[in-house]
Every structure is written in C-alpha cells, then in structure tokens.
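Please keep the sequence and the model in view while reading.

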Amino acid sequence: MVSMLKNKTPMKTLQYETCTQGCMMYQKGDDTVRPCPYCKKTTRESFGMFSIGDRVATLLSNDETEAMMKYRSSRRPNACEYEDIFDGKDYKDLVAGGEFADEDDVALVMMIDRFSPNNGNHGSKLNLIQFVNYNMHRS
C-alpha cells in the first residue's frame with residue numbers, strides 16, 4: 001500500500017512510533033528502550049501519516065486543483081437560500097473578524113471521533129481524525 005502511494009503522489013509519509021498496544025506515541029528520535037508507562041510493554045510499532053500542509057500545498061501546486069480550490073473565494077452568496085457552509089453565520093462572523101481575507105486562504109474543518117473497537121479495553125482506543133476541505137465545491 002505504501003509503495004503504491006509513493007508511486008501515485010509526491011507526498012512524503014512521516015513515520016512515527018507507538019506502543020504496540022496504542023497507548024502512547026513516542027517522540028521522534030527517541031530510541032530509548034523503556035516500558036510504556038501504561039501497559040509496561042517495551043515493543044513499538046511504526047505507522048505513517050501524511051502532512052495536511054503537504055497535502056494542501058500539493059493541491060495548490062497543480063493548475064487544475066488550484067482552480068478548484070478557488071471555489072470559496074469566488075462564489076457569490078445566495079441571499080435567499082442556504083447553499084453551503086459559506087452562507088452560515090459562523091463563516092460570516094469569521095470573515096467579519098478578518099479571517100479568510102486572502103483568496104488563497106483554505107477553509108479546513110477538522111472532525112475527531114474517538115472509539116474503542118474492543119469493548120473499551122485499555123490500549124484499544126483509536127482516534128479517527130478527518131479533515132474536510134471546504135475550498136473545493138462539494139460536487
């Protein structure tokens with residue numbers, strides 16, 4: 001899977017280590033062998049993540065997707081109908097407060113969901129983090 005992604009995208013995967021039970025993530029470059037303070041295991045496993053900044057930069061560096069990213073700054077509000085998040089009060093308050101002043105500002109929404117796939121046993125809690133890019137039209 002990782003090799004397939006490397007062939008399809010210029011984005012780099014950032015590698016991190018976590019306790020094998022998922023209790024904690026170790027600081028980058030910390031190779032000290034010591035037990036996890038939660039489950040007491042000394043084994044680690046690696047996982048990779050993409051940088052949100054790299055992903056947005058990739059979108060903006062491509063002519064086709066850069067044009068698609070202008071949806072937020074180029075759309076005109078519909079006074080009669082709520083079409084999307086940009087017609088809402090929260091977005092309008094942000095704009096009135098000086099946010100989204102530049103056409104290249106990116107409207108990202110972060111959603112976090114924490115769940116336990118194994119009936120809540122310690123070490124089995126997972127966080128699902130999803131970013132939605134509202135600069136691109138929903139179609």
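Is Val56 buried or exposed? Val56 is buried, because its relative accessible area is 14%; buried means under 20% relative accessible area, exposed over 50%, and partly exposed in between, with a 1.4 Å probe and protein chains only. The model is predicted: local features need a pLDDT of at least 70, side-chain atom pairs count only at pLDDT 80 or more, and totals for chains, interfaces and linings use all residues. Residues are numbered from 1 along each chain as its sequence is written, and side-chain values use heavy atoms, with hydrogens and water left out.

**Overall architecture**

The protein chain contains 5 helices and 4 strands. Helices (H or I, at least four residues) and strands (E, at least two) are DSSP runs, numbered from the N terminus. Along the sequence, their pattern is α-β-β-α-α-α-α-β-β. Of the 139 residues in the protein chain, 19% are buried. The accessible surface of the protein chain is about 10,300 Å², and carbon and sulfur atoms account for 53% of this surface. Accessible areas come from the Shrake-Rupley method with a 1.4 Å probe; for residues, only the protein chains shown count as cover.

Confidence is expressed as pLDDT, the predictor's confidence in each residue, from 0 to 100. The mean pLDDT of the protein chain is 82, and 84% of its residues reach 70 or more. Confidence is lowest in helix 1 (residues 2-8), with a mean of 55, and highest in helix 5, at 93.

Val56 belongs to helix 2 (residues 52-61). Apart from neighbours within four places in sequence, Val56 is in contact (heavy atoms within 4.5 Å) with Met69, Val106 and Leu108. Val56 and Val106 are 50 residues apart along the chain, yet their C-alpha atoms are separated by 8.3 Å. In the protein chain, 48% of contacts between residues at least 6 apart in sequence join residues at least 24 apart.

Asp87 lies in the loop between helix 4 (71-74) and helix 5. Asp87 counts as buried because its relative accessible area is 9%. Among the contacts of Asp87 beyond four places in sequence are Arg75, Tyr82 and Lys92.

**Cysteines**

A disulfide is a pair of cysteine sulfur atoms within 2.5 Å. By this rule, the count is 0 disulfides.

| Cysteine | Nearest cysteine sulfur | Distance |
|---|---|---|
| Cys19 | Cys39 | 3.4 Å |
| Cys23 | Cys39 | 3.9 Å |

Cys19 counts as buried because its relative accessibility is 0%.

**Backbone angles**

Most residues other than glycine have a negative phi. Lys40, although not a glycine, has a positive phi of about 70°. Lys40 is in the loop between strand 1 (13-19) and strand 2 (44-50), and Lys40 is exposed, with a relative accessible area of 56%. Phe100, also not a glycine, has a positive phi of about 55°; Phe100 is in the loop between helix 5 (89-96) and strand 3 (108-115).

**A nonpolar patch**

Which element gives the most residues to the nonpolar patch? Strand 3 does, with 3 residues. The patch on the surface is formed by Ile52, Leu108, Met110, Ile112, Ile129 and Phe131, with about 530 Å² of accessible area together. Strand 3 and strand 4 (126-133) are the elements that give two or more residues to the patch. Patches are made of residues with over 30% relative accessible area and no salt bridge: like charges are joined within 9 Å, and nonpolar side chains (Val, Leu, Ile, Met, Phe, Trp, Tyr) within 5 Å. A salt bridge is a side-chain nitrogen of Lys or Arg within 4 Å of a carboxyl oxygen of Asp or Glu. Ile112, in strand 3, is exposed, with a relative accessible area of 55%.
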